[in-house]
Amino acid sequence: MSETEIKFVLREDPQPALQNNLFTALTSQQVTIEEKGQLDLLNDYYDTVDHLFQKHKIGMRVRGANGQYEQTVKTTGQISGGLHQRLEFNVDLNNPEPDLTLFNDVPWPEGHQAETLNEQLEKQFGTHFNRTVFDISFPDAEIELVYDNGKVAAQQQEAPIREIELELKGGKLNRMFELANMLVDAVPARLSDTSKAAQGYQLLHGVSHKVDALPDFLPLQDNISTEDAFCRALECGLLHWQKHEHLYFETGATKMLTEVTRAVRMLLQTVSLYLPVLQCPAMLTLHKQLLSYADNWLWQDDLQSLRLLLSKKSLFNKKLSRYPALISYLQGRQAGLVQAHDPATRLFQPEPSKLKLAIAQMLQNKPWRTEVKGYDMPLMEHAKGWLSQGWQTILQTMPIQRRMYASNYTSVEMLLRQTLFNGFLLADMFAASRGHFRAPWLDILIGIDELNALLLLKKSIFDAELAEQQELLEWVHEKTHGLLNVMERSRQVAMTGEVYW
């Protein structure tokens, strides 16, 4: 059977808030809530020696409760902004030993059979949690709400489990989105796309501290429709956001916040780009939400500059490492910036979860279909015009005959990022001709990042009142002048490049 779920991660016991806030609001709307009791669940997760299931995004577990056992396989499906849609297969067992031959319809990876897979199974990790179950009955939908509290354990390591899952048992999917929005208003929660199996594998193999960069271009099929390309872009942005938000909480690395910001800005530019041809009330509302939420991350630009200044791999390190007082000041400013904006708390507030839910619901409902025509037109009908429009704006803003200074580059930064995002979203339509057109523009963007870091460094040198102030200011001036010369050469190359569309 298939299951459709929305999952949230929590920081504290949600049951008082559920009873006093969410359930009170629901019963006032004639929604029926029935508590089904609690279960202690023991789960062992299995995989082959070479982790075939993990590679194919298959979850395989044996669950025990009250002396009864059940084995479950969950196959890869769609995960979009916390909405999980996947196939689930369940079989009762007489004991806790798995037996894959009891499944009838599981689509095993190509070239593999249940009998041979059985011989390769090994226990990988386990979860033990208490589950509290509520059945919530709307007039047109049945939804199960479960609260899981416990831990996942692997190789003498463990991590907490504190989650709420909503599962649609029948009726209208929009009711589950409605309930999810009410939930995040009532309980501090964070929409999540990380399964318990993924948490277990993370314990088993360790947490990645690497950024998972966006691809050079959004992959698009030939003759893709405008609607499908838009949905592909939303899915890409949501996945990037969710992945790096999760990694931030697992690692504490501020570089993950840079990727969250990048994802939010990409989503905003995606909606801005497609809004004229897919215009409908839901799109306008989403655009407004994204504009507002992107403003919440403006502080992250200073954080990125500080990371660049403090990085041992940056072009600034050789010089700045000679000034421990300045390094200490910059480190304190970095810590103060994170503390002041407290992203760990803000990401548990309603706004980010509601925004992800709105995107996931849009991907499900495709509301433009009842408002506009032409959504199924080939993307190529729009792509050339959209790319040309952005290019003309760049030409007008930074004409080739005019020299650009630091203030000029910082003032066009947002426009340049938006235009390059358009290229990211559309350039795969022109794979045969796009060549190296974007490379010098991306170099300019890297230059702007370095320029912003130097401007912040200059201010910090004044604020820190260092004994070596004059010496450092002269170095910053020299570095800025040299950087601008390089950027100007890149701009000359970029503006004389042949467009690919």
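**Labels and their cut-offs**

Modeller: Q492 is found in helix α17 (residues 469-495), where helices (H or I, at least four residues) and strands (E, at least two) are DSSP runs numbered from the N terminus. This is a predicted model, in which local features need pLDDT of at least 70 and side-chain atom pairs count only at pLDDT 80 or more, while totals for chains, interfaces and linings use all residues. Residues are numbered from 1 along each chain as its sequence is written, and side-chain values use heavy atoms, with hydrogens and water left out.

Biologist: Why is Q492 called partly exposed?

Modeller: Buried means under 20% relative accessible area, exposed over 50%, and partly exposed in between (1.4 Å probe, protein chains only). Q492 has a relative accessible area of 33%, so the label is partly exposed.

Biologist: What makes the pair of Q492 and I400 a polar contact?

Modeller: A polar contact is a pair of N or O atoms within 3.5 Å; within protein, one must be able to donate a hydrogen and the other to accept it, and residues adjacent in sequence count only if both atoms are side-chain atoms. A polar atom of the Q492 side chain lies 3.4 Å from the backbone oxygen of I400, and therefore the distance falls within the cut-off.

Biologist: How do you know that strand β1 pairs with strand β6?

Modeller: Two strands pair if DSSP finds at least two bridges between them. Strand β1 (residues 2-10) and strand β6 (residues 83-93) have 5 bridges in the antiparallel sense, so they pair; E5 stands opposite H84 in β6.
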